[in-house]
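Welcome to a short tour of a protein chain.

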Amino acid sequence: MRFYSKYDRIEYVVIAKQHETVGTHRRTTRGLTAKFHNHYFDSEVAAKDLQWSEEDRKTVERHLLEHGDMGIHLYVATDKPKDAPIDTELQPLTRCIATVATADGSQLCGEPALDGKDLCEIHQKEFEAAMAGVEELKEEKV
Ligand SMILES: [Zn+2]
């Protein structure tokens, strides 16, 4: 689960590190902390990197979801506010691969593609219409 924070590099300590004494040994438990980088925290990535168990990951997610900051400056990444900085590292912008006829020949459309698609909104609609056998959209054919 991905989370977005308005504050970069914010850290939510879910379970604090603790010092415990076992016999004559003192040891430090590792604790659980959600560390945001570039405004984002991905619990799946953190779980892999930090070798969290599934229970650890769920504990962190639950902590963030129930946190008082949620909806104020902490969000599930899909609900991030419009003014959120663009996360180019994690979500590379895919450009539409449709070719558009121009006076000089043809060129790539280049508009931002829809999530998980190779085409922009307009060309995806044309593509779907074409696939459905609809012949209404004759201009700008893909
Ligand atoms: Zn396009």
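This is a predicted model: local features need pLDDT of at least 70, side-chain atom pairs count only at pLDDT 80 or more; totals for chains, interfaces and linings use all residues.

Now color by secondary structure. Starting from the N terminus, the elements run β-β-β-β-β-β-α-α-β-β-β-α.

Next, select strands E6, E1 and E7. These three strands form an open sheet in the order E6-E1-E7, with antiparallel pairing. E6 and E7 are the edge strands, each pairing on one side only. From one strand to the next, the twist averages 25°. Strands of a sheet pair through backbone hydrogen bonds. Zoom in on E1 and E7, which are joined by three bridges. Click on Phe 3, and look for its bridge partner in E7, Val 76.

Which residues make up the largest nonpolar core? Show side chains for Phe 3, Tyr 4, Ala 34, Tyr 40, Phe 41, Val 60, Leu 64, Leu 74 and Tyr 75: these nine residues form it. At least two core residues come from each of strand E1 (2-5), strand E6 (40-42), helix H2 (54-65) and strand E7 (74-76).

For a second stop, select the separate core of five residues, which includes Cys 96, Ala 98, Leu 119 and Cys 120.

Finally, go back to Leu 64. Leaving aside residues up to four places away in sequence, Leu 64 touches Phe 3, Tyr 12, Ala 34, Met 70 and Leu 74. Zoom out to finish: among contacts in the chain with a separation of 6 or more, 43% link residues 24 or more positions apart.

Notes: Residues are numbered from 1 along each chain as its sequence is written. A nonpolar core is a set of buried Ala, Val, Leu, Ile, Met, Phe, Trp, Tyr and Cys residues joined through C-beta atoms within 7 Å. A residue is buried if 20 or more other C-beta atoms lie within 10 Å of its own, exposed if 12 or fewer, and partly exposed in between; C-beta atoms are placed from the backbone. Helices (H or I, at least four residues) and strands (E, at least two) are DSSP runs, numbered from the N terminus. Two residues are in contact if their C-beta atoms, placed from the backbone, lie within 7 Å. Two strands pair if DSSP finds at least two bridges between them. Axes are lines fitted to C-alpha atoms, for helices over the stretch in contact, and angles run from 0 to 180 degrees between N-to-C directions.
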